[in-house]
Amino acid sequence: MDYSLINYYGYQKSRCGYCKGVKCSNSHGMHAYGLTPQEYQDLIDRGWRRAGLYCYKPDNIKTCCPCYTIKCDALEFKLTKTHKKILRRMNRFLRDGKKEQHEERIENSMDTERNCEESGIIDVPKTDINLADIVTKTRENCTTNLQNKQNAQIKNVSQDANTAIPKTSASSQLCENSEQNDSSQQSLERPVCKKAKQMRLERRRTKLALRGISEEAATASKSKIQNKEKSLQDYINDTTASDKHKLKLILVEVNSNQFRNTLMKTFALYKKYQILIHNDPPLDVNSYLEFLQESPIEMIEPVNGAPTGYGSFHQQYWLDDKLIAVGVIDILPYCVSSVYFFYDPDYSFLSLGTYASLREIEFVQQLSTHVDAIKYYYMGFYIHSCPKMRYKGKLAPSYLLCPESYSWCLLTQEIRDKLDENKYQRLNSNLSDEDPNKFEIRDLDKVRLLVNQRHFVTYPQYIQSFKIKHIDNILDIIRSRIYKEITGENDDRDIIIEYCKLVGKKCAHRLTYFKNDI
C-alpha cells in the first residue's frame with residue numbers, strides 16, 4: 001500500500017479490563033488499513049496504541065482508569081536486585097536444569113529430606129584411624145588426670161589445719177571437668193560439621209583445580225569484575241557450551257513464511273496461556289491472527305535503518321526444541337514497542353514476564369549500536385489507578401507522556417504522589433508548555449480524504465465538489481454550512497476536525513481519512 005489509510009470510528013465506550021467496570025472505559029477508536037513505521041511512531045507519541053488493526057486513544061479525563069503512555073530509556077536502564085535475581089535464576093536453570101530451591105520446597109513436602117549442602121552438614125570422610133580407640137583413650141586420660149588433681153588438692157588442704165576446707169570446691173571442679181569431658185566426648189562422637197561458607201570455599205577450590213586456575217589468579221580476576229558492575233548484556237551472555245539447556249530467541253516477521261511454519265505451535269502456546277493464566281476461553285486461530293498477527297504497520301528495510309527492518313514481529317523463546325514464550329513487538333524508528341507477551345505456565349518459576357522485558361530492553365540496546373535514534377522501550381500504558389499495572393514503573397528510568405502538552409515526564413515519586421491524589425493529572429507542571437504538534441483549523445486545508453473508495457482529494461476539494469451554484473469561492477466553513485442547510489446532510493467537518501486534533505498535525509496531513517458518502 002503506497003498510502004496510509006484510516007477509518008475513524010469516533011467516541012467509544014466499552015468494558016474496562018482493569019477495574020472490570022461495564023461501559024466505563026472511554027476512548028477514541030479508528031481502524032488502520034495501513035501505516036508507515038514513522039506514522040505509528042508519531043501516533044504512540046500522542047497516546048495511541050494498537051490491538052491488531054484497531055488503534056485507540058483513551059480519553060483520560062473521562063475514562064475510569066486513565067492510561068499514560070510509558071517508555072523506558074534503554075540506554076540508561078539500571079538493573080535492580082530483583083532483576084539480577086531473575087537473570088541469575090534463569091542462568092542457573094539453563095546451567096543445571098533445576099528449579100530454585102524455594103520452588104522445589106513449594107512443590108514437595110516440608111518433610112522431604114534435604115541434601116548436605118542445604119543443611120550445612122556433610123558425611124564424615126573415610127579414614128584409617130579408629131575413632132572408638134581415640135574416645136576410649138581420651139576418657140582414660142581424663143579420668144587419671146582428674147583423680148591425680150583431686151588427690152593433690154586434698155593433700156595440700158590437709159597440711160594446713162587452720163584453713164577451712166570448702167565443701168563445694170572439689171565437687172564444683174569435678175562437675176566442671178565432667179562437663180568438659182562430656183562435651184569433648186560428644187564432639188568426637190558427632191559427625192564433623194562445616195559451616196556453609198567453608199563448604200562453598202572448598203567447592204570453589206575444587207572447581208578451580210579442575211579448570212587449572214590458581215586461587216590467587218581467580219581472586220584477582222574476581223576483584224576486577226567486582227569493580228565493574230555487570231551489565232544486562234553480561235548477565236544474558238553468562239552461558240557456556242556445557243549448559244544443560246540452551247535458550248534461543250528468534251525474531252520472526254509476522255508476514256513471513258517462518259511465521260506461518262510455526263503458527264500452530266504459537267497458537268497452541270497462546271491457548272494454554274489464556275486458559276491457565278487468565279482463565280479465558282481460547283480464541284480460534286483466525287481470532288488469534290487478527291489479534292496478534294495482523295498489523296497495519298508496513299514492513300520496510302531502509303538502507304541506514306535497523307538491520308531487522310521496521311515493522312511487526314514475534315520474538316520466539318525456544319528452550320532447546322520447545323517454544324516456551326512469544327513476545328509480540330513493533331520495531332519503529334525510535335523504539336521497540338511491546339504489544340503483547342504470552343508464555344508456557346509450566347515455566348512460571350522463571351518469571352518469564354519480567355525476564356522478557358529485560359530481553360526486550362537488551363534488544364533495544366543492540367539496535368542502538370546500528371541506529372542512534374533507537375533508544376527507548378515502550379511498554380504500552382501505565383495505569384496508576386490499577387496497582388497490578390504499576391510494575392511497569394519499576395523499569396527505570398521511565399517516562400510518562402503528558403496528556404496535555406504531549407511532553408515526556410520522568411516518573412518520580414512526586415508524580416506517583418500526584419496520581420495517588422487524583423488519577424488524572426497534567427503531568428507537565430510547566431503550564432506554558434503547549435502541544436508542539438497541535439492541530440489548528442487553518443491546517444484543515446492539507447487533510448487528505450478518500451471519497452467513495454475512488455477519489456483522493458484534499459478537504460477543500462471535497463467541499464468544492466458539492467456543486468453548489470454561486471458560492472464556489474466562499475470560505476470552506478460557509479460552504480459546509482450552506483451544504484448542510486440545503487441538503488440536510490452532514491459533511492463530517494466536525495468529526496474530521498476531532499480526528500485531526502487527536503492524531504496531531506503531522507499525522508493529519510500524512511494519513512488519508514476514509515470518507516464514504518454512499
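Start by selecting Asp420, which sits in helix α14 (residues 413–421); helices here are DSSP runs of H or I with at least four residues, strands are E runs of at least two, and both are numbered from the N terminus.

A word on the model before moving on: it is predicted, so local features need pLDDT of at least 70 and side-chain atom pairs count only at pLDDT 80 or more, while totals for chains, interfaces and linings use all residues. Residues are numbered from 1 along each chain as its sequence is written, and side-chain values use heavy atoms, leaving out hydrogens and water.

Next, pick Glu362 in helix α13 (residues 352–368). Is Glu362 buried or exposed? Glu362 is buried yet has no salt bridge, and the nearest side chain of opposite charge, Arg359, is 4.4 Å away. Buried means under 20% relative accessible area, exposed over 50%, and partly exposed in between (1.4 Å probe, protein chains only). A salt bridge needs a side-chain nitrogen of Lys or Arg within 4 Å of a carboxyl oxygen of Asp or Glu. Show Gln233 as well: its side chain makes a polar contact with that of Glu362 at 3.4 Å (N or O atoms within 3.5 Å, one able to donate a hydrogen and the other to accept it; residues adjacent in sequence count only if both atoms are side-chain atoms).

Now for the salt bridges, of which the structure holds twelve. Select Glu229 and Lys84, whose closest N and O atoms are 3.2 Å apart. This pair links distant parts of the chain, 145 residues apart: Glu229 is in the loop between α8 (215–227) and α9 (232–236), and Lys84 is in helix α2 (residues 81–96). Glu229 counts as exposed at 57% relative accessibility, whereas Lys84 counts as buried at 17%.

Move to Arg426 and Glu404, which meet in a salt bridge (3.3 Å, N to O). Arg426 lies in the loop between α14 and β13 (448–451) and Glu404 in the loop between β11 (398–401) and β12 (408–410), so the pair ties together parts 22 residues apart in sequence.

Finish at helix α1 (residues 37–44), where seven of the eight residues are buried, so the helix is largely enclosed by the rest of the structure. Glu39 and Asp42 are among those buried residues.

Definitions and conventions
Lys and Arg count as positive and Asp and Glu as negative; His and the chain ends are not counted.
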